[in-house]
Amino acid sequence: MTNRTGYVDPAYLDAAARLAEDGKRLSYERMRLSPGERALDVGCGPGTDTLHLAQVVGRAGRVVGVDRDPDMIAEANRRAQAAGLDDVLEHRVADATSLPFADGSFDGVRSERLFLHVDEPERVLAEMVRVTRVGGSVVVMDTDWGTRSVDSPEVDLERRFARVLAEECLANGYSGRRLFGMARRAGLVDVRVDPVPLVVTDYDFFSLLSRMEVAVDAALRTGALTAAELARLDEGWRAMDAAGAFFALTTMVMVTGRKPPPSHPASAPDASPVRHRDLHADAGDETAVEAAEPEGIRLPMRDR
Ligand SMILES: C[S@@+](CC[C@H](N)C(=O)[O-])C[C@H]1O[C@@H](n2cnc3c(N)ncnc32)[C@H](O)[C@@H]1O
């Protein structure tokens, strides 16, 4: 994978999937798939989501997962076979910047924690939009590592360490906050945002999810924190963990949009600029936004 932290294995992704379960379920809903339809998961990993999507579209539907890592695809195919879903599901090796599908091939397309790892996110989103049919949904969910907030007696060290993780360990560590603007620029309509909070209260689990050893190496390499400072940070977190008080919060951002017909005014650049008034006036009342402003922004999500 194209991240600077190196390979993450299926066991890591399974652990992360348990934490992000609610967000994942919501992302399937946001794809608005019906039985018999076609779905694509880009950067599918070991088939974490494709197996669930296969249940949504049923035997008459089709689900395809692509990932550029052949080992992930082999594991995804193994799981599909074990689940007896290999007639509905197909996993194949492909790069997200050049999807091997014709325009409009899918009714719904999603990706999760992919944009964090890619150097050309706009190109990936353009590809996802291209292979979606007109009227179909595109759902992109990514962590914003800038939101990682961990209670610590060492607030300054904690803040500096958070930046190391976001800026030195990932190709695109702030991708979550950039998805909304990207969706608008890609010409999607009915763009909505669903924040997905992830809470971890176990230090070992947190260390696994944060790729702690990679972040520590990066902190030392860049000189962002000294070994003594890292030891103090670790000590504080261990003490909190021992007292049952360890707390970390990170927010994932899910952005959903619909592909308009080519003639739609939103397909033109800057056709539907963000109006901040909409954000404030309509927050908390999605129905009103939907009726009054079809291309409006819907915040926050209320029906999870
Ligand atoms: C953090 S994992 C997420 C996997 C899965 N979406 C999930 O939620 O469990 C990111 C995945 O994206 C894949 N990936 C990274 N860059 C890619 C690219 N340019 N094209 C296709 N897949 C890519 C990686 O191989 C990895 O399986």
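Helix H6 (residues 155-168) packs against helix H9 (residues 212-222) with their axes 9 Å apart and at an angle of about 95 degrees. The model is predicted: local features need pLDDT of at least 70, side-chain atom pairs count only at pLDDT 80 or more, and totals for chains, interfaces and linings use all residues. Residues are numbered from 1 along each chain as its sequence is written.

**Exercise 1.** Classify the packing of H6 and H9, and describe their contact.

Step 1. Axes are lines fitted to C-alpha atoms, for helices over the stretch in contact, and angles run from 0 to 180 degrees between N-to-C directions. Helices (H or I, at least four residues) and strands (E, at least two) are DSSP runs, numbered from the N terminus.

Step 2. The angle between H6 and H9 is about 95 degrees, which means that H6 is roughly perpendicular to H9. Angles under 35 degrees count as roughly parallel, over 145 as roughly antiparallel, 65 to 115 as roughly perpendicular and the rest as oblique.

Step 3. From H6, Phe161, Val164, Leu165 and Glu168 meet Ala215, Ala218, Ala219 and Thr222 of H9. Contact requires C-beta atoms, placed from the backbone, within 7 Å.

Step 4. The residues of this contact of H6 with H9 comprise 6 nonpolar, 1 polar and 1 charged. Ala, Val, Leu, Ile, Met, Phe, Trp, Tyr, Cys and Pro count as nonpolar, Asp, Glu, Lys and Arg as charged, and the others, Gly among them, as polar.

**Exercise 2.** Which strands pair with strand S7 (residues 248-258), and how many of the residues of S7 are buried?

Step 1. Strand S5 (residues 132-150) pairs with S7 in the antiparallel sense over 10 bridges; pairing needs at least two DSSP bridges. Asp144 has Thr251 in S7 as its bridge partner.

Step 2. Strand S6 (residues 189-200) also runs antiparallel to S7, joined by 10 bridges. Arg192 stands opposite Thr256 in S7.

Step 3. In S7, 9 of the 11 residues are buried, so S7 is largely enclosed by the rest of the structure. A residue is buried if 20 or more other C-beta atoms, placed from the backbone, lie within 10 Å of its own, exposed if 12 or fewer, and partly exposed in between.

Methods
Two residues are in contact if their C-beta atoms, placed from the backbone, lie within 7 Å.
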